[in-house]
Amino acid sequence: MAFCKVGILSLLLLSGIFLLGIEVEFGNAQKMCIQVCDPEVASMTCPSSGDEKINDVCVNCCTAAVGCKLFRSDGSLICTGTPE
């Protein structure tokens, strides 16, 4: 009877370690970036264009290049592109 209890506890312990290993693996996954236009974005500026205002863009905060700033039509900042 004691051998059976030890076997069950060992199986539970190994199962827990396996499940924790899977959780850690998925926890380190990169964020998903959806490739859609944000209708709120009216213009953007990028360091590569000398901070010139670019209109009619199809980007979102996730797809914007590093350092690019996205603005609403009223001129307020939505976000700044960051490295992935």
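Cys79 is buried in this predicted model, with a relative accessible area of 14%. Because buried residues are those under 20% relative accessible area, this value places Cys79 in that class. Cys79 also belongs to the largest nonpolar core, which has 9 residues in all, and forms a disulfide with Cys61. The points below cover the disulfides, the sheet, the core and selected residues.

**Disulfides**

- A disulfide is a covalent bond between the sulfur atoms of two cysteines.
- The count of disulfides in the model comes to 3.
- In the disulfide of Cys61 and Cys79, the sulfur atoms are 2.1 Å apart.
- Cys61 lies in the loop between S2 and S3 and Cys79 in strand S4, so this pair ties together parts that are 18 residues apart in sequence.
- The link of Cys61 and Cys79 is left-handed, with -105° about the S-S bond.
- Cys61 counts as partly exposed, at 32% relative accessibility, whereas Cys79 is buried.
- Cys46 and Cys68 form a disulfide with their sulfur atoms 1.9 Å apart.
- This pair links distant parts of the chain, since Cys46 is in the loop between S1 and S2 and Cys68 is in the loop between S2 and S3, 22 residues apart.
- The link of Cys46 and Cys68 is right-handed, with 115° about the S-S bond, and both cysteines are buried.
- Cys37 and Cys58 form a disulfide with their sulfur atoms 1.6 Å apart.
- Cys37 is in the loop between helix H1 (2-27) and S1, while Cys58 is in the loop between S2 and S3, 21 residues apart.
- The torsion about the S-S bond of Cys37 and Cys58 is about -70°, so this disulfide is left-handed.
- Cys37 is partly exposed, at 40% relative accessible area, and Cys58 is exposed, at 52%.

**The sheet**

- An open sheet is formed by 4 strands in the order S2-S1-S3-S4, with antiparallel pairing.
- Strand S2 (54-55) and strand S4 (77-80) stand at the edges with a single partner strand each, so one side of each has no neighbour in the sheet.
- S1 pairs with strand S3 (residues 69-71) in the antiparallel sense over 3 bridges; Ser43 has Phe71 in S3 as its bridge partner.
- S3 and S4 run antiparallel and are joined by 3 bridges; the bridge partner of Phe71 in S4 is Leu77.
- S3 and S4 form a hairpin with 5 residues between them, and Gly75 in the turn has a positive phi of about 90°.

**The core**

- The largest nonpolar core is made up of Val41, Met44, Cys46, Val57, Val59, Ala64, Cys68, Leu70 and Cys79.
- Beyond its neighbours within four places in sequence, Val41 is in contact with Val57, Val59, Leu70, Phe71 and Ile78.

**Selected residues**

- Thr45 is in strand S1 (residues 43-45) and is buried, with a relative accessible area of 13%.
- Apart from its neighbours within four places in sequence, Thr45 has contacts that include Asp51, Gly67, Cys68 and Phe71.
- Gly67 is in the loop between S2 and S3 and is partly exposed, with a relative accessible area of 23%.
- Gly67 and Ser48 are 19 residues apart in sequence and 8.8 Å apart in space, C-alpha to C-alpha.
- Most residues other than glycine have a negative phi.
- Asp56 has a positive phi, near 50°; Asp56 is in the loop between S2 and S3 and counts as exposed, at 78% relative accessibility.

Methods:
Residues are numbered from 1 along each chain as its sequence is written. This is a predicted model: local features need pLDDT of at least 70, side-chain atom pairs count only at pLDDT 80 or more; totals for chains, interfaces and linings use all residues. Side-chain values use heavy atoms; hydrogens and water are left out. Helices (H or I, at least four residues) and strands (E, at least two) are DSSP runs, numbered from the N terminus. Buried means under 20% relative accessible area, exposed over 50%, partly exposed in between (1.4 Å probe, protein chains only). Contact means heavy atoms within 4.5 Å. A nonpolar core is a set of buried Ala, Val, Leu, Ile, Met, Phe, Trp, Tyr and Cys residues joined through side-chain atoms within 4.5 Å. Two strands pair if DSSP finds at least two bridges between them. A disulfide is a pair of cysteine sulfur atoms within 2.5 Å.
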